[in-house]
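Reader: Please put the model on screen, and then let us go through it together.

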Amino acid sequence: MRLMRTSEITQRAVVTMAGEDIAQIKDVVYAADGGSVSGFTLAGRGLFAGPLKEFLPWAGVSALGADAVMVRDESVLASAPSILEGSGGSAGSAGDVLGSQVLTEEGIGLGTVHDVVVSVDVTGGEYCDVVGYEVEASEGLGTQGQMVLIPLPDTMAASGEHLMVPSSVKDFVGHDLAGFGAAVDRFRAHLEDSRP
Amino acid sequence: MMFSAAKGHKVVDTSSADTVGTVSGFLVEPSTHSIVALRVKKTETGEVIRWRDITAFGSEAVTVPRAGVVTDTDAELEALGDRARELVKKRVLTSSGDELGTVKDIDFDTETGALTTFLLDGAPDVSADRLIGVGSYAVVVRAEPHGS
């Protein structure tokens with residue numbers, strides 16, 4: 001497994017196994033529950049290329065690497081409108097999630113979302129799990145103004161304005177991606193244990 | 001032999017002992033990771049020689065049975081030539097989407113035309129049997145099972 005900030009994924013080239021760059025990532029589209037990536041909107045390659053009408057569903061991604069998004073061939077691209085409508089009204093692009101306020105169940109604000117951290121299997125994987133947010137911390141975290149990583153439960157409520165997280169998340173805050181995967185695992189194990 | 005060393009080889013017609021051209025490039029079929037044709041220049045009859053029409057790829061010269069095996073490209077070779085022309089200096093991506101480096105040179109078997117090794121700039125050599133595709137953007141190779 002590999003952790004990645006979604007801001008690093010945008011503008012990455014979409015490359016076929018035949019070595020052709022067919023597009024680049026424009027924006028990340030999340031599943032309705034915000035817990036995984038459902039796909040990507042695309043832009044053409046080159047400085048002056050505009051957005052493309054095609055959409056890259058996660059199922060069409062062979063691998064999400066450090067330097068390129070690999071796909072089998074052009075045929076994995078779908079037409080955008082059907083996919084975006086199909087994922088429901090609360091499906092958001094990165095633009096909707098970024099800037100949202102993270103609230104605990106007690107109503108304490110932890111900060112605003114600056115980036116989204118996803119976990120991907122090196123070999124593509126069944127789905128692209130959203131495991132955390134990079135948040136500009138507010139008072140609720142005691143490290144006001146700092147960028148911190150907060151792990152996320154498997155599923156959560158997201159409105160576009162607020163994202164609800166359990167208050168215990170405060171004990172699992174990370175500061176860099178290197179150790180964050182372990183923090184996510186501990187946090188999720190903790191949630192599992194405390195479930196009635 | 002390395003592409004860099006093979007490039008510039010004379011092509012000699014064994015029936016007349018005349019030089020009929022000079023090797024200027026290689027057309028590679030990714031699926032078989034082998035050379036299917038040589039691109040040649042300074043010829044009178046065409047611009048490519050299919051690998052199967054070569055008598056031998058020697059240390060000093062490529063020998064051919066007659067000048068007539070130097071032909072114009074057909075559609076099949078043209079497609080390969082377009083994509084594969086610039087193998088050297090192209091970026092190398094793994095099937096996992098990680099860039100390994102750029103192709104510095106390529107070693108091939110002069111008996112069979114099979115590519116054996118990609119030499120990369122600032123990265124370990126890559127075995128040619130990992131080759132998946134050669135496109136305008138990148139050379140794609142199979143990712144190592146546990147590597148990244």
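Reader: Which residue in E2(B) is the bridge partner of B:Val12?
Author: The bridge partner of B:Val12 in E2(B) is B:Thr19. This is a predicted model, in which local features need pLDDT of at least 70, side-chain atom pairs count only at pLDDT 80 or more, and totals for chains, interfaces and linings use all residues. Residues are numbered from 1 along each chain as its sequence is written, while chains are lettered from A and ligands numbered from 1 in the order in which they are written.

Reader: How many bridges join E1(B) to E2(B)?
Author: Three bridges join strand E1 (residues 10-13) of chain B to E2(B), and the two run antiparallel. Strands here are DSSP runs of E with at least two residues, helices are runs of H or I with at least four, and both are numbered from the N terminus. Two strands count as paired if DSSP finds at least two bridges between them.

Reader: And what lies between those two strands?
Author: E1(B) and E2(B) form a hairpin with five residues between them. In the turn, B:Ala17 has a positive phi of about 65°.

Reader: Which other strand is joined to E1(B), and is the pairing parallel or antiparallel?
Author: Four bridges join E1(B) to strand E6 (residues 61-64) of chain B, and these strands run parallel. Within E6(B), B:Ala61 is the bridge partner of B:Lys10.

Reader: What about E2(B) and E3(B)?
Author: Strand E2 (residues 19-29) and strand E3 (residues 34-41) of chain B are antiparallel and joined by seven bridges. B:Gly25 stands opposite B:Arg39 in E3(B).

Reader: What is the strand order in the sheet?
Author: The order in chain B is E4-E3-E2-E1-E6-E5, an open sheet of six strands with mixed pairing. Strand E4 (48-50) and strand E5 (56-57) of chain B stand at the edges with a single partner strand each, so one side of each is left without a neighbour in the sheet.

Reader: Turning to the whole chain, how many helices and strands does chain B have?
Author: Chain B has two helices and 12 strands. Its radius of gyration, taken over C-alpha atoms, is 16 Å, close to the 15 Å that the globule rule gives for 148 residues, so chain B is as compact as a globular protein of that length. That rule is 2.2 Å times the number of residues to the power 0.38.

Reader: Last topic: where is A:Gln146 found?
Author: A:Gln146 is found in the loop between strand E11 (124-137) and strand E12 (147-151) of chain A. A:Gln146 and A:Thr112 are 34 residues apart in sequence and 11 Å apart in space, C-alpha to C-alpha.
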